[in-house]
Amino acid sequence: MERRNTNIMKLAETAIFAALCYVTFTFLQIKIPMPGGDATSLHIGNAFCVLAALILGGGYGGIAGAIGMTIADIMDPVYIVSAPKTFVLKLCIGLITGLVAHRIAHINESSDRKYVLKWSILASVAGLGFNVIADPLVGYFYKQIILGQPQQMAEVLAKWSTATTFVNAVISVVLVGFLYNAVRPFLLKSGIVTVDQKRRAV
């Protein structure tokens with residue numbers, strides 16, 4: 001029963017983060033129109049995908065980001081054709097962030113604030129750094145091969161996507177580093193995050 005309740009809580013928290021990803025991308029983005037009716041944007045949607053991975057784990061965080069951002073794409077006529085690419089990339093952001101934070105650094109097994117701060121930032125950099133490389137690269141081949149865009153146009157879009165994705169990543173790393181470490185004491189107190197007593201000194 002307890003495990004079932006835990007799973008239900010995880011799913012509810014995943015849904016909340018998916019909604020946050022959707023809302024921040026849909027309503028707080030600065031859209032930059034591109035040739036051919038395409039666009040790129042400055043946004044902080046990825047920050048909540050990373051934050052979800054730090055709090056809930058890579059799997060749940062990746063699913064939250066993938067669902068939230070994909071729905072946002074589907075609801076936007078400009079981005080709807082990119083929805084499949086978005087789902088895969090956001091899932092990967094969460095999985096990579098979770099891998100570094102929880103499998104390598106085990107931040108949920110440490111009560112050392114400096115250690116947690118360092119590794120939460122490194123995990124964010126890993127997940128979002130992947131996106132800085134993968135988003136324009138995958139986008140280039142996706143637009144050219146799947147959507148049939150001319151090579152020159154796909155190259156232009158990839159260059160702009162690299163610039164905006166990098167800016168988004170820098171802003172998101174700073175935001176996540178602040179938010180996660182600011183709310184972690186509350187998460188510990190509420191039991192959402194627990195510290196393994198055997199490894200408190202890590």
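**Core, spaces and ring pairs**

Author: This is a predicted model. In its largest nonpolar core, which has 35 residues, the members that touch the most others are Phe17, Leu51, Leu54, Ile55, Ile107 and Tyr180. At least two residues of this core come from each of α1 (2–28), α2 (45–56), α3 (58–74), α4 (83–104), α5 (113–146) and α6 (151–190).

Reader: Which helix supplies the largest share of this core?

Author: That helix is α2, with nine residues.

Reader: With which residues is Tyr180 in contact, leaving aside its neighbours within four places in sequence?

Author: Tyr180 then has contacts with Leu51, Leu54, Ile55, Ile107, Asn108, Val116 and Ser120.

Reader: How is the pair of Phe25 and Tyr79 to be classed, and why?

Author: The pair of Phe25 and Tyr79 is tilted, because the planes of the rings meet at 55°, with the centres 5.6 Å apart. Phe25 belongs to helix α1 and Tyr79 to the loop between α3 and α4, so the pair ties together parts that are 54 residues apart in sequence. Phe25 counts as buried at 5% relative accessibility, and Tyr79 is buried as well, with a relative accessible area of 7%.

Reader: Where is Met75, and is Met75 buried or exposed?

Author: Met75 is placed in the loop between α3 and α4. Met75 is exposed, because its relative accessible area is 59%. Between the C-alpha atoms of Met75 and Leu56 there are 26 Å, for a separation of 19 residues along the chain.

Reader: How much space lies in the largest pocket, and which residues are closest to its centre?

Author: The largest pocket holds about 500 Å³ of space. Its lining has 22 residues, and those closest to the centre are Lys10, Ile55, Leu56, Gly57 and Asn108. The elements giving two or more residues to this lining are α1, α2 and α4, with the largest share, five residues, coming from α4. By type, the lining of the largest pocket divides into eight nonpolar, ten polar and four charged residues.

Reader: How many cavities of 30 Å³ or more does the structure hold?

Author: The structure holds one such cavity, and about 420 Å³ of space lies in the largest cavity. Of its 29 lining residues, Thr40, Tyr79, Lys85, Asp135 and Ser161 are the closest to the centre. Two or more lining residues come from each of β2 (39–42), α3, α4, α5 and α6.

Reader: Which element gives the largest share of the lining of the largest cavity, and how do the lining residues divide by type?

Author: The largest share of that lining comes from α6, with seven residues. The lining of the largest cavity divides into eleven nonpolar, twelve polar and six charged residues.

Technical notes
Residues numbered from 1 in each chain as written. Predicted model: local features only at pLDDT ≥ 70, side-chain atom pairs only at ≥ 80, totals over all residues. Heavy atoms only, no water. Core = buried A, V, L, I, M, F, W, Y, C linked by side-chain atoms within 4.5 Å. Buried < 20%, exposed > 50% of the residue type's maximum accessible area, 1.4 Å probe, protein only. Helix = DSSP H or I, 4+ residues; strand = E, 2+ residues; numbered from the N terminus. Contact = heavy atoms within 4.5 Å. 1 Å grid on protein atoms, 1.4 Å probe; cavity = no way out; pocket = protein on both sides within 12 Å on 5 of 7 lines; lining within 4 Å. Points joined across faces, edges and corners; volume = space filled by probe spheres on them. Nonpolar A, V, L, I, M, F, W, Y, C, P; charged D, E, K, R; others polar. Phe/Tyr/Trp six-rings, centres within 6.5 Å; stacked < 30°, edge-to-face > 60°.
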